[in-house]
Amino acid sequence: MTFLSTMEASGNDDPPVGNSSYLSDSDVERDDDIPTLDVSADEIQLSPDSWQSVDLGLKEINHIRSCTSTPTSIKYNSTCQPLNGVSHVPNLTLQTNLPIQNGDALKLDINEQDTIDERNGSINPNSPEFLDITLQTTEVDEPAPVVNKPGSSLHSKKGSITSLLGWISSPLTSSPQKQIPQVVKTNKETSSTHTAPKSPISFRKKRFWRSKEPQPMSTTALILEDRPSNLPKKSAEESEKHRLQYKKMVEIAKKNELKDVQKRNKLMKEQRKQEDTITSASSQWISQILPNWEVMHQNNKVRMLWWQGLPPNVRGKVWQLSIGNELNITEDLYSIMVVRFQEKIRSMHETQSSCSEDTISLSADRESTVELIRLDISRTFPHLCIFQKGGPYHDVLHDILGAYACYRPDVGYVQGMSFVAAMLLLNMEPAYAFITFSNLLNKPCQLAFFRLNEELMKIYFASFEVFFEENLPRLFARFKHNNLTPDIYLIDWIFTMFSKALSLDMACRVWDMFCRDGEEFLFKTAIAILHLHEKSLLAMEFIQAAQFLTRLPTDSFTHHELFSHICDVTMVSRSNRRWKDVLSLLGQSDVTI
Amino acid sequence: GIIATMTEQRKEYLFKVLVIGELGVGKTSVIKRYVHQIFSQHYRATIGVDFALKVVHWDGETLIRLQLWDIAGQERFGNMTRVYYREAVGAFIVFDATRASTFEAVNKWKNDLDNKVTLPDGRNIPTVLLGNKIDQMRGGLLSNKQQMDNYCDEKGFVAWFETSAKANINIDEAAKYLIDKILDNERSYSRNLPDPEALELNKDDDEKSGCCR
């Protein structure tokens, strides 16, 4: 690793503090086969106030795909097109609105992952490449005013950047002939128009976020130049006119840039906030709640945190703990059931081949479970392409459903199960998915539905209608009039627990709350969905409404909208009864609720 | 379940048609092909029931709104989905021509259908048998056409078609055939005895028609 520039603020004798150890040779030393991106100080221009732009002067970026940030590093993934069909690392321009705090290190890190062409396993030169760039800088202790004169190098920027380096962190072993990105000087090109900011440098985080006026990036596209020397000079008047025109243009450009920056700032701020929330929630779950599950899970604060949605890294564990293992199923039992299922398939194939001429005689019953599972698996979350034949989760979903059919032959396989098992499998290990699946299906509501107990299902539908009418009397009347009964739309929602009807993210959050509040939450969600679409549903005829509800447009509402509507659902009936009471009363006899 | 509305010269019908058959035979695909002229390998399993509406401009004077009820194929859903049969005036029973067991089950679906729904005059609703996925067939089951004709006569199907939702074979033809049969019934029926239920339904549709009175 060559490390071209180490600077310290001139006139500052204090040794660098903070993360300056980043810069020790041993830290930046990289394996020899890691290609190096050398960035010398004057090749990179950093605007000093709350640094905004690192312009590597390179042109091939198409768009920024995503960016993640922590207080100390930034990453941009960029999609780049190969030039003239030659695979190379494209040039890039980086911009960031992250504040640099005193002592912060920012990494510029080029990380190339080639897209492997699946068919032949080779690098596809035409596929987009992803680059991560990390810029590493370290500062000296005190923020100091910076004079950013045109043409000034970083050396002249007091207290701004002590070092800047980039490297390709993932070796380009796949195509050694690839060019290392070249950092092109930009400072000179833009120097003539770069306006020197007057404010003192401020890397303080607080001040940065408080600042109402985000700084625009340099207006590199606009350059006011004199006429070439071989042409007559401009008159003073003309010159002045051009100067004013230029000024106006620059101002407009600046204004637009300001807007962009503001927008980006806002977005980034939201994203950071969200990331922070997830990070802190996840650490709370891991360090405090999960180790003390029995004591904690009913706690009000925990319930509040739960409502925010479970962080993906603890989701599986929380689902598992809340659904529990009343049935005392072990991992061994799962293995045994899988083996039994596979034996069943084998014996079936043997029977089939022994009378291959006469497959018609193969009774539908014999075939059913195995065949149904096979058919349904490929039709489970088809857009994810992981449960389909050849996908990574195909076999294991098959095993879980088959093992369950062997474990509970009285229930067997029922359509809808594949979605439930897939949801679990997306969040936990196969054996635990099986354990949780079996226990989940043993809950009263799931048992009623998956055992296709019509009497019980009718009671659930009737209870739902009690609360539907209570919450949305007009829509309820409309549905009644149109003969749009809950069995038409609720069957899919309850059997799959919304995993088919809602987007995966939203369904996960509904499952989170199902784990906290139980079956009641599913029906509450159903009422909230009806409420969200009440206006349009009121205007629909039977067939449109039925079509709409069985194929919900998933992008028609946000998480926030759905969950605030769920919040608004009253689960107390007119006669002041709660879900459980209504359910048991309806189950007893023909008591009017 | 038939609503016929006279609007000047035009007649408008609303027909409820069931699409039933074993799991994975391509019921949803047939419907998608017929209604949206599309095919995808990636349909999700139908849980309960799905719906589609196709508006057919039958001829200059007749407009048909075809409500297609795509009913989940697992047999065990049994009675639960049979409530959906109510007021249907026609049906497709679909089987997968590449899977014999799904043909075997046709009889069961047909009996079930005839037991659960009939026309107002007590006859069975016209039902067309579809042997789907024939694009994947190499000879085989449907090669003996006479045998299939006999089977349909015996079981009371009005017709059978080899179809492919994927390759778009015979879907429109089968639908046309079924609609024709439904219209025949409807016409003969309205000639013979007025249907009190249909009249009542007309009343509900006041705002839309407003001409017959």
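Begin by showing the surface of chain A, whose accessible surface (computed by the Shrake-Rupley method with a 1.4 Å probe, where for residues only the protein chains shown count as cover) comes to about 29,300 Å², with 50% of it belonging to carbon and sulfur atoms. This is a predicted model, in which local features need pLDDT of at least 70 and side-chain atom pairs count only at pLDDT 80 or more, while totals for chains, interfaces and linings use all residues. Residues are numbered from 1 along each chain as its sequence is written, chains are lettered from A and ligands numbered from 1 in the order in which they are written, and side-chain values use heavy atoms, with hydrogens and water left out.

Among the buried residues of H11(A) are Met417(A), Phe419(A) and Leu425(A).

For a contrast, go to Asn328(A), in the loop between helix H7 (312–323) and helix H8 (331–354) of chain A. Asn328(A) counts as exposed, at 62% relative accessibility, and has a positive phi of about 50 degrees although it is not a glycine.

Then bring chain B into view and select the interface, where 35 residues of chain B are in contact (heavy atoms within 4.5 Å) with 39 residues of chain A. The two chains bury about 3,500 Å² between them, 57% of it on carbon and sulfur atoms; buried area is the accessible area (1.4 Å probe) that two parts lose on being put together, summed over both. Highlight Arg44(B), Ile47(B) and Phe51(B), which supply 21% of the area that chain B buries against chain A, more than any other three residues.

Finally, display the side chains of Asp50(B) and Arg551(A), which meet in a salt bridge (2.6 Å, N to O). The count between the two chains is 2 salt bridges, each being a side-chain nitrogen of Lys or Arg within 4 Å of a carboxyl oxygen of Asp or Glu.

Conventions:
Buried < 20%, exposed > 50% of the residue type's maximum accessible area, 1.4 Å probe, protein only. Helix = DSSP H or I, 4+ residues; strand = E, 2+ residues; numbered from the N terminus.
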